[in-house]
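This report goes through a protein model in plain terms.

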Amino acid sequence: MRSQIESGTELLTRLSSKPSLFNLENTLFPQGLRNSDVVEISGEQSTGKTLLLCQMLAKCILPDCYETNRIGGCNASAIFINTDHRFQISKLIESMNDIVSFTLNGQVTEINSNKMNIIQNCLHNLHIIDCYDNEQFSLTLRMLDDMFLGNPKIALIAIDSITAYYWQDREDNVNTIDSYIRKLLKLIRMHTTQFNVVTIYTKQYENLLYDKGKKSMDQFLNNVDYKIQLCRMHNSQHLTCKLETVRIVRKICYSITSNGIKWEMEQGRR
């Protein structure tokens, strides 16, 4: 990491100019995300983890407004760390196209004809880093300060997935997946807290890898602000999103369509 000397005024200006992710996903976060929040997305295969992350990335990098039209994006930059290599840039473009098209609602305007220009310009706000082993992943996390200093508009770091190299790192006497994630989050928060950057990551849901016991779960929740679990109900086509914080638990039904994840109805909350 390179050192940087700045005055208190410069530091305050840099942090106060950080783009807000308040409107990143209104269904899941109606009160908005705070800078430096950590969001976990877990679920079995084909429940839409990467797709949900993709939709959030699309909303993050799109503009709030374009000329006289409201797009509703966050106008921020994002870092996407690709470890599972399931991410497809075409899916991101489709998500961005759907958001812009829904906003325009069929208007025949100049912005509609230049829709792809808007999307192409916004793709400059996304920085994709491909990691192919645990050493590359670890080095990338340790270089986050340099990336944040180089681009003050970075408001989100997305990781798909944080557990990709768990089995490689078990040689370092890491016994459980929760302790492994806690270790990585401690490293990530050293950078994101200082620079007011939100972290969203996915992980594969596997019962055998979970720590058991309430004490372990309580400790884990101290490191994660939102835990999102996507699941398919009894091998059916019905999908449910369980969102948990230290205060509430919400359950929201959803479906996976050609236009991405569609939220349907919310079950009772506690």
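The model has 7 aromatic pairs. Here rings of Phe, Tyr and Trp (its six-membered ring) pair if their centres lie within 6.5 Å; planes under 30 degrees apart count as stacked, over 60 as edge-to-face and the rest as tilted. One of the pairs is Phe 80 with Phe 87, which is tilted, with 4.5 Å from centre to centre and 45 degrees between the planes. Phe 80 is buried at 0% relative accessibility, and Phe 87 is buried with a relative accessible area of 13%. Buried means under 20% relative accessible area, exposed means over 50%, and partly exposed is in between (1.4 Å probe, protein chains only).

Another pair is Tyr 166 with Tyr 180, which counts as edge-to-face because the ring centres are 5.4 Å apart and the planes stand at 65 degrees. Tyr 166 lies in helix H8 (residues 166-169) and Tyr 180 in helix H9 (residues 177-195), so this pair ties together parts that are 14 residues apart in sequence. Helices (H or I, at least four residues) and strands (E, at least two) are DSSP runs, numbered from the N terminus. Tyr 166 is buried at 2% relative accessibility, and Tyr 180 is buried with a relative accessible area of 2%. Together with Trp 167, Tyr 166 and Tyr 180 form one aromatic cluster.

The model is predicted: local features need pLDDT of at least 70 and side-chain atom pairs count only at pLDDT 80 or more, while totals for chains, interfaces and linings use all residues. Residues are numbered from 1 along each chain as its sequence is written, and side-chain values use heavy atoms, with hydrogens and water left out.

Next come the pockets. On a 1 Å grid over the protein atoms alone, a pocket is an open set of points where a 1.4 Å probe fits, with protein on both sides within 12 Å along at least five of seven lines; lining residues have an atom within 4 Å of a point. Grid points are joined across faces, edges and corners, and a volume is the space filled by probe spheres set on the points. Ala, Val, Leu, Ile, Met, Phe, Trp, Tyr, Cys and Pro count as nonpolar, Asp, Glu, Lys and Arg as charged, and the others, Gly among them, as polar.

| Pocket | Volume | Lining residues by type |
|---|---|---|
| Largest | about 640 Å³ | 7 nonpolar, 9 polar, 4 charged |

The largest pocket has a volume of about 640 Å³. It is lined by 20 residues, of which Glu 25, Gln 55, Ile 99, Phe 102 and Ile 261 are the closest to its centre. Helix H2 (49-61), helix H3 (89-104) and strand E11 (260-266) each supply at least two residues of this lining, and H3 gives the most, with 5 residues.

Which residues are closest to the centre of the second largest pocket? They are Gly 48, Lys 49, Thr 50, Leu 51 and Arg 86, out of 24 lining residues. H2, H3, strand E7 (198-204) and strand E10 (249-257) give two or more residues each to the lining of the second largest pocket.

How many residues of H2 are buried? The count is 13 of its 13 residues. H2 reaches 19 Å from its first C-alpha to its last, close to the 18 Å expected at 1.5 Å a residue. The expected span of a helix is 1.5 Å times one less than its number of residues.

Lys 227, in strand E8 (residues 226-232), is buried with a relative accessible area of 8%. Its side chain is joined to that of Glu 40 by a polar contact of 3.1 Å. Arg 250, in strand E10, is buried at 4% relative accessibility. The side chain of Arg 250 reaches the backbone oxygen of Leu 28 at 3.1 Å.

The last topic is the backbone. Most residues other than glycine have a negative phi, and most peptide bonds are trans. A cis peptide bond joins Asp 160 and Ser 161, with omega about -5 degrees. Asn 75, in the loop between E3 and E4, has a positive phi near 55 degrees and is partly exposed at 37%. His 85, in the loop between E4 and H3, has a positive phi of about 60 degrees and is partly exposed at 35%.

Methods: A polar contact is a pair of N or O atoms within 3.5 Å; within protein, one must be able to donate a hydrogen and the other to accept it, and residues adjacent in sequence count only if both atoms are side-chain atoms.
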